[in-house]
Amino acid sequence: REALDVLSSKGPSDVRELVLVQCALMLEMGGKASSYLVGRQMAEENIKNGKAFQKLKQLVRAQGGKEEADRIVDEPSRYSKSSQTLDVLATQAGWVHSIGAREIGAVNVMLGGGRADMSTRIDVKAGILLHRKVSQPVQVGEVLATVFSDFDETVMAAAGTRILEAFTIRAEAVEAPQLIGHILVNGTTMAWSQYLDIQHR
């Protein structure tokens with residue numbers, strides 16, 4: 001859903017920023033843009049004018065999507081829903097210091113939303129929606145995440161426990177981490193801020 005929102009000039013600001021950065025870098029690497037800044041401008045323009053959204057539809061069709069897939073892209077509310085939903089609630093108040101991304105990913109696989117190996121069949125309705133990010137405050141009983149799956153309540157409860165344990169909540173506030181810390185340039189790691197300085201010269 002976030003992908004559709006970003007391609008519609010909406011969506012979370014951090015996800016939108018990551019999409020624009022990756023698009024700009026890919027356009028530069030592919031020779032379609034003379035620089036990162038030019039690539040970013042191209043990405044922004046194609047989201048704004050709707051071409052990026054239409055390109056998604058083309059990709060869906062190219063991978064076997066039918067007319068119903070087009071309708072779902074236009075109206076995400078038509079998408080099939082999982083039979084089970086579980087809200088994971090905070091058991092303590094404070095600030096989110098960290099979220100174990102590897103563990104969240106492993107739970108998603110357990111729910112059917114990812115592959116353990118190439119033979120695993122993916123349930124496209126399964127997944128985890130995170131409602132809190134690192135640095136955000138939380139109160140007891142507030143929803144940290146929502147779990148979607150067709151598995152039974154036992155599996156859902158186990159998933160909820162693992163997700164709750166993946167959140168580290170402490171009494172003291174913490175600053176939000178950098179969205180992008182470093183970038184790999186010609187096999188060498190460079191601080192993202194340094195890369196941007198070079199691009200703006």
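**Ground rules.** The model is predicted, so I kept to its limits: local features need pLDDT of at least 70, side-chain atom pairs count only at pLDDT 80 or more, and totals for chains, interfaces and linings use all residues. Residues are numbered from 1 along each chain as its sequence is written, and side-chain values use heavy atoms, with hydrogens and water left out.

**Largest pocket.** I looked up its volume and found about 1,000 Å³. A pocket here is an open set of points on a 1 Å grid over the protein atoms alone, with a 1.4 Å probe and protein on both sides within 12 Å along at least five of seven lines; lining residues have an atom within 4 Å of a point. The volume is the space filled by probe spheres set on the points, which are joined across faces, edges and corners. I found 24 lining residues, and Arg1, Glu2, Leu4, Tyr79 and Val124 are the closest to the centre. Two or more lining residues come from each of α1 (2-7), α4 (51-62), α5 (67-74) and β3 (127-130). Helices (H or I, at least four residues) and strands (E, at least two) are DSSP runs, numbered from the N terminus. β3 gives the most, with four residues. By class I noted 15 nonpolar, five polar and four charged residues. Nonpolar covers Ala, Val, Leu, Ile, Met, Phe, Trp, Tyr, Cys and Pro; charged covers Asp, Glu, Lys and Arg; the others, Gly among them, are polar.

**Second largest pocket.** Its volume is about 500 Å³. I found 20 residues in its lining, with Asp14, Arg132, Lys133, Val134 and Leu179 nearest the centre. α2 (13-29), α6 (101-110) and β3 each give two or more residues to this lining. The classes are 13 nonpolar, three polar and four charged.

I then turned to β7 (residues 182-185) and β8 (residues 188-191), which run antiparallel and are joined by four bridges. Strands pair if DSSP finds at least two bridges between them. Leu184 has Thr189 of β8 as its bridge partner. Two residues lie between the strands of this hairpin, and Asn186 in the turn has a positive phi of about 50°.

**Thr146.** I located Thr146 in strand β5 (residues 143-149). Thr146 is buried, at 6% relative accessible area; buried means under 20% with a 1.4 Å probe, protein chains only. Its side chain makes a polar contact of 2.7 Å with that of His131. Such a contact is a pair of N or O atoms within 3.5 Å, one able to donate a hydrogen and the other to accept it; residues adjacent in sequence count only if both atoms are side-chain atoms. Beyond four places in sequence, Thr146 is in contact (heavy atoms within 4.5 Å) with residues including Thr85, Asp87, Gly127 and His131.

Terms used:
Buried < 20%, exposed > 50% of the residue type's maximum accessible area, 1.4 Å probe, protein only.
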